[in-house]
Amino acid sequence: QVQLVESGGGSVQAGGSLRLSCAASGTIFSSDTIAWYRQAPGKQRALVATITGGGIINYADSKKGRFTVSRDSFKNEYYLQWDSLEPEDTAVYYCNLDTYRRGRRYSFWGQGTQVTVTS
């Protein structure tokens with residue numbers, strides 16, 4: 001079992017910067033893939049970025065250049081940071097861990113952290 005806890009959200013002024021953290025506990029494999037998603041009010045949850053155990057990073061097209069995702073596999077912590085926040089970044093941000101165990105795929109989610117960007 002895996003537990004994910006996001007932190008670092010809050011109310012931020014437009015133009016500011018923010019770093020979200022995701023702390024994982026339980027049985028974590030270095031090969032697990034971490035993803036960040038966000039869900040804006042009235043919209044579906046959308047992918048922001050993924051980072052594999054090997055450090056391969058992919059960003060959703062609309063997020064390239066603004067977001068940076070990283071991981072500290074020693075601490076089992078994962079990060080999402082970005083600058084130049086916009087009101088459109090207001091959303092609940094979720095951490096996701098995708099893993100294969102005994103030939104089956106599992107996906108775990110955190111409870112999310114709210115980010116509100118004020119203009």
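I looked up Arg66 and found it partly exposed, with a relative accessible area of 22%. The model is predicted, and I kept that in mind throughout.

**Arg66 and its partner**

I then checked which residue Arg66 meets in a salt bridge. The partner is Asp89, with N to O at 2.6 Å. I placed both ends. Arg66 sits in the loop between strand S6 (57-59) and strand S7 (67-72), while Asp89 sits in the loop between strand S8 (77-82) and S9, so the pair ties together parts 23 residues apart in sequence. Asp89 is buried, at a relative accessible area of 1%. Arg66 does not count as buried, because the cut-off is under 20% and Arg66 has 22%.

**Salt bridges in the whole structure**

How many salt bridges does a search of the whole structure find? I got five. I noted two more pairs by name.

Asp32 forms a salt bridge with Arg101, and their closest N and O atoms are 3.3 Å apart. This pair links distant parts of the chain, 69 residues apart. Asp32 is in the loop between strand S3 (18-26) and strand S4 (33-39), and Arg101 is in strand S9 (residues 91-101). Are the two ends buried or exposed? Asp32 counts as buried at 1% relative accessibility. Arg101 also counts as buried, at 14%.

Asp98 and Arg105 came next. Their side chains meet in a salt bridge at 2.8 Å, N to O. I compared the ends. Asp98 is buried, with a relative accessible area of 16%, whereas Arg105 is exposed, with 55%.

**Strands around S8**

I turned to the pairing of S8. S7 joins S8 through six bridges, and the two run antiparallel. I looked up the partner of Phe67 and found Trp82 in S8. S7 and S8 form a hairpin, with four residues between them. In that turn, Asn76 has a positive phi of about 55°.

S8 also pairs with S3. That pairing is antiparallel too, over six bridges. For one position I checked Arg19, which stands opposite Gln81 in S8.

**Back to the start**

The Arg66 and Asp89 side chains meet in a salt bridge.

Technical notes
Residues are numbered from 1 along each chain as its sequence is written. This is a predicted model: local features need pLDDT of at least 70, side-chain atom pairs count only at pLDDT 80 or more; totals for chains, interfaces and linings use all residues. Side-chain values use heavy atoms; hydrogens and water are left out. A salt bridge is a side-chain nitrogen of Lys or Arg within 4 Å of a carboxyl oxygen of Asp or Glu. Buried means under 20% relative accessible area, exposed over 50%, partly exposed in between (1.4 Å probe, protein chains only). Two strands pair if DSSP finds at least two bridges between them.
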